[in-house]
Structure formats: structure tokens, C-alpha cells
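Let's walk through this fold together, one packing site at a time. Keep the viewer open as you read.

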Amino acid sequence: MGPTRIMAVRHGESEANLAHREAGSAPLVYERGDDEVTLTDLGRAQAAAFGRSLAGLPAAETPEVVWCSPYLRALDTWRVALRAWGAGPLPLTVDRRLRDQEAGAFARYNVAAIRERFPEEMARREAEGAYAFRPPGGESLADVVVRLRDLLADLRERAAGRRVLIVAHDSVVLGLRHVLGGGPDADLGAVLKFAPVLNASVSVWDGSGLVRFNDVGHL
């Protein structure tokens, strides 16, 4: 049977999101580990707006259980949202399968810095395609999809008949769109046309399929 409803929200704006945007086309080396990055003031405001939107939902659409990435920016998004929602504590599962796509050797660099330091790898990325490319020590989007299939198999049993909120990352939301849409993995690259997944955006699936995707109307 599985969950009756899955809502996925990307974390609010993170300190790394801001640093990358401010760097623009200039090379950037970001010193903090990916799992340690927290929210900016704007990111906290976005998370609070998401929480207030939950308070305005009909009872039949509000989440009953939460599954969250272990990365700090996702956990902080849920903490801020829950406080703004004003609901009692919900059952929370922190699951590593919801972590962001691992960038491996590229983790601390923006695209400009990667081009400077890893020109051969960037050429390989362009040749293989963004969804198939796996950076040294990292993951491809196809790798993310594999762990999401495993996660969703667990949800079918552990969250059967319940409404689930997933708090995670852009790669996870894109991967969910592919897996829940039932498309063949040979067509995985097609999901990239729905990028970027915006900070604090909401995507929803129910028994009929995709209800809304990358929605930021609450912001």
C-alpha cells in the first residue's frame, strides 16, 4: 500500500548556496563540510514560511511522519518549520539515504574552481552527461536514485497508509520525481529539465501521482 501522500521539501537557502551565488563565475573554495552547512537568515525565513503553510493545510493533507536528511541544513529546516507550524512533535526518522548527492573530490568547489583544478574530469562530465557522471569519490544522480528506491521500499512498509514529509535536497527531489514517476532509468537524464529545485520548494505526490512540483507559492 505504501504512504498515502508524500510531500518533499528542499532545505532553505544554505550558507553554501549564498557563497556560491555571491562568487558567481569566480572560483570558490568552500571550507565547511557538506553535512555541516547550515541555513542563512533567508533560509530560516523560508523554512518558517513552509511551516506556516503546513498550518494552513486541511487535516487530510498534513504530514503524519517526517523523514529527514542527516545534513544540518535539512535538520534545521525541519526544526524551524515545526516551530512555525506550531504542531506537536512528529515521529522523525533521520536517514542517510536522503543525504545530498555526494560530490567527492569536487565537494568544496564551485564549477569555476572545478574547471581550474579538474579540467579532465569536467571534460568527462560533459561527455557522459550530468546525470551519469560520477566525480572522483562521489555519486552520480543514478546513484542517488538507487538509494531512493531502497528508501521508498522501506516507506511502503514503515509508513503504509500514512502521510510522509521528506526534508532533503535538490538531488533527492529530482530523484523522487524520477522514481515515483515510474520512468525507466535509461530516461533518467530527462528529469534534469525540471532543475533547479528551488530552496524551500514543495513537491507532492498522492495516490493519483504528481500533484505539484517545485512549488514556492508559500514564499
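Helices (H or I, at least four residues) and strands (E, at least two) are taken as DSSP runs and numbered from the N terminus. This is a predicted model, in which local features need pLDDT of at least 70 and side-chain atom pairs count only at pLDDT 80 or more, while totals for chains, interfaces and linings use all residues. Residues are numbered from 1 along each chain as its sequence is written, and side-chain values use heavy atoms, with hydrogens and water left out.

Let's begin with helix H2 (residues 41–55) and helix H3 (residues 72–85), whose axes come within 7 Å and cross at roughly 45°. That angle makes H2 oblique to H3. Axes here are lines fitted to C-alpha atoms, for helices over the stretch in contact, and angles run from 0 to 180 degrees between N-to-C directions. Angles under 35 degrees count as roughly parallel, over 145 as roughly antiparallel, 65 to 115 as roughly perpendicular and the rest as oblique. The crossing of H2 and H3 is right-handed; a crossing has that hand if the near helix is turned clockwise from the far one, and is left-handed if the near helix is turned anticlockwise by less than a right angle. On the H2 side, the residues in contact (heavy atoms within 4.5 Å) include Phe50 and Leu54, and H3 brings, among others, Trp78 and Trp85. The residues of this contact divide into 10 nonpolar, 2 polar and 2 charged. In this sorting, Ala, Val, Leu, Ile, Met, Phe, Trp, Tyr, Cys and Pro are nonpolar, Asp, Glu, Lys and Arg are charged, and the others, Gly among them, are polar.

Next, find Tyr109 in the loop between strand S3 (92–94) and helix H4 (111–117). Tyr109 is buried, at 19% relative accessibility; buried means under 20% relative accessible area, exposed over 50%, and partly exposed in between (1.4 Å probe, protein chains only). The side chains of Tyr109 and Arg117 make a polar contact at 3.4 Å. Such a contact is a pair of N or O atoms within 3.5 Å; within protein, one must be able to donate a hydrogen and the other to accept it, and residues adjacent in sequence count only if both atoms are side-chain atoms.

Now turn to helix H6 (residues 141–158) and helix H7 (residues 170–181), which pack at about 65° with axes 9 Å apart. H6 is therefore roughly perpendicular to H7. Among the residues making the contact are Leu141 and Val144 of H6 and Ser171 of H7. Ser171 is buried, with a relative accessible area of 5%. A polar atom of the Ser171 side chain lies 3.1 Å from the backbone nitrogen of Gln101.

Finally, some backbone geometry. Most residues other than glycine have a negative phi, and most peptide bonds are trans. In the loop between H7 and strand S5 (202–206) you will find Pro196, joined to Ala195 by a cis peptide bond with omega about 0°. Ala200 is found in the loop between H7 and S5; it has a positive phi of about 65° and is buried, with a relative accessible area of 1%. Asn214, in strand S6 (residues 209–215), has a positive phi of about 60°.
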